[in-house]
Every structure is written in structure tokens, then in C-alpha cells.
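Welcome, and please take a moment to look over the sequence and the model shown here. A short tour follows.

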Amino acid sequence: MKNIGIGMLAAQILCVAGVAQAQGTPLNEPILPVPQAHKEDAKKAALGKKLFNDTRLSHGNTVSCASCHNLPVGGSDAIALSKGVQGRVGKVNSPTVLNSGLNFRQFWDGRAASLEEQVSGPIHDINEMDTSWAEVLRKLGQDSALTSEFKQSYPDGITANNVANALASFQRTLITPNARFDKYLRGDKSALTTDELRGYQLFKSYGCVACHQGVNVGGNMFQTFGVMGDYFGKRGNPTIADLGRYNVTKKDSDKYSFKVPSLRNVALTAPYFHDGSAKTLGDAVDVMFQFQLGRQASAEDKKLIVQFLHTLSGELDGKPLKSLQAAQ
């Protein structure tokens, strides 16, 4: 979905609000709290966790999924473009894997319909893991303990589909409930300060919520980057990756269109956008006002919106997430 009309957006938000009421969330709130628990098979998820941290998924055994997705500090790596095997630089910013199972599609351009389908992308990408399923399966198959563990959950053992399923099962466990904003949605009115609540009201009234709503505060539609102005013209140095969804569909109407990112834990995942061009949340908010909303806002209003965004940081496995700087 892209360039959605105001009427359709209003209908979508009202639909979300209806779901919110059914879940006990205050009516007219277009954002839903993250579920408190997942429903994944524990053994498969445990296998996936091992694989997520296993460098054998890369050529030369030097890079794992965790190399670009640091889970305790937001699920990303705090650099504009990640580095894969032999230090090769990727084409787009590595999005967080936290809450990725709540997205309607995977990758910035939405080319994968599921987390299982997503796994093949980095494995085969020359700038990421630069390997093949044949190489990965050969290496994993030499591990007798891992082979035995796989057969407990997958009768046919270590296969590409089973590796992908285990990794996807683990990623679906990476939900981050209990953000202060979720506590507010569940009825704790003391969870937010007056300024943070004001920031949320501004987030809604300025129209940010048109694209950032639902349980993942985004991640559920495509949108053109530069609805109200030529973002790429101003930034300069266009790349193939800037074409976004067009690279998948080859439709002119999909040029510069991307999956709207989730804002869950967004205060921890700088830099921002597919190109990693916004170094701070304040920078990102400025870009959104200029190129997506086409509206003017005071510095104070933007500051309050940023304060609200900080309330979206949740917990992973019962522990509060930290910024990379705080973890060091």
C-alpha cells in the first residue's frame, strides 16, 4: 500500500482502533501493545538461536546474523551500512530484527513474504554472508551434536527449509513487550510523563500515525519516501537501492517506495532510514516533517515527539533494552 488517500487512512486507523477496543486498549488509540508472550516451539527456537549466532552460515566462517543484529541493544548495529564477509559494505541499513515477526513483509523493499523466505537473502548476498545453501548444509552436517538436535525437531534433519524455519522461529520470539507506552495503553496512566503524553498527541495530530500505527507502530504498509518533496534529489548520490520496491516489482509507481519501518525501540536503532542518513531521532523527525508530511512544526513540538518515541523501548527476555553506548 502506498500513497494512501486520506479517507482510506482514516478507515484503516478506525479499524485498528476497533481491534484496540476489543483488546482492552483505549478506543481511538491506533497503536496496540506488543503481546506479552510468543507461541513458538521452544526446541525449534533454541536451534534458531544457535544458528543466529553461528558464523558457519557465512563464507569463511567470519559473520553471523548477530554480527549485524545486536539483540540487547536494539537488534541492529548502530552503523549506516553494515559490513559482511571480508568487510564488504552492504547496500542498505540493517533493520532491527526485534519484533520482525510482526511486520507484514521483510526487507526494506518487502521482497520476502515471511521470515523463512527472508533467510536466503543474507546467506546469498555477496556483501553479507556470500555463501550458498550447499556450503552451509555441508558445514552444519559435519556437526554431529547439531545434527542430532535437528532430528529431534525435524525428522528429515538439517535441510535449507529446516534451517530457515528454525531461524524464523527464533526471530518470532524476539518480541519486546512492556515498553512504557504499552503500559500506558494497558491502563497505567502514570507510565508516561506529561511531556511524553503531549508528544504522543502531537504524533497523532501531525499525521505521523497515518503510517506508524498498529502493534509494530509501522511495518504494515509500503510508502513512497519523498511524498511531499524530492528527498533523493536533496540528498544526492542516488543508488539502485534507493529505488526500493521498484527493484522487486519493476513498476514505475513503486519507485522510491519502501516498507514503513517499525518504530518499536526506535530510540536504540540509530542511524535511520534505508540509507542510514539520519544520525539522530531528531534528524529523522525533521526529514519526516519535510518530505513525508510537508508540514511545519516548532522545535518544541518535534522535541516532544522524540520524547514520546523514547517510550517505545521495551524488554527482551524480561530485561530492558539498552542503547549501544549504555551497554559499553
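## Around helix H13

The cover over the buried residues of H13 includes strand S1 (222–224), helix H11 (231–235) and helix H14 (299–310). Here cover rests on contact, meaning heavy atoms within 4.5 Å, and buried means under 20% relative accessible area with a 1.4 Å probe, counting protein chains only. Helix H13 itself spans residues 281–293, and its buried residues are Leu-281, Ala-284, Val-285, Val-287, Phe-289, Phe-291, Gln-292 and Leu-293. Just after H13 comes Gly-294, with a positive phi of about 60°.

This is a predicted model, where local features need pLDDT of at least 70 and side-chain atom pairs count only at pLDDT 80 or more, while totals for chains, interfaces and linings use all residues. Residues are numbered from 1 along each chain as its sequence is written, and side-chain values use heavy atoms, leaving out hydrogens and water.

## The whole chain

Stepping back, the chain holds 15 helices and four strands, which are DSSP runs numbered from the N terminus (helices H or I, at least four residues; strands E, at least two). The C-alpha atoms fill a box of roughly 60 × 45 × 40 Å along the principal axes.

| Property of the chain | Value |
|---|---|
| Residues that count as buried | 50% of 328 residues |
| Contacts, among those with a separation of 6 or more, between residues 24 or more positions apart | 68% |
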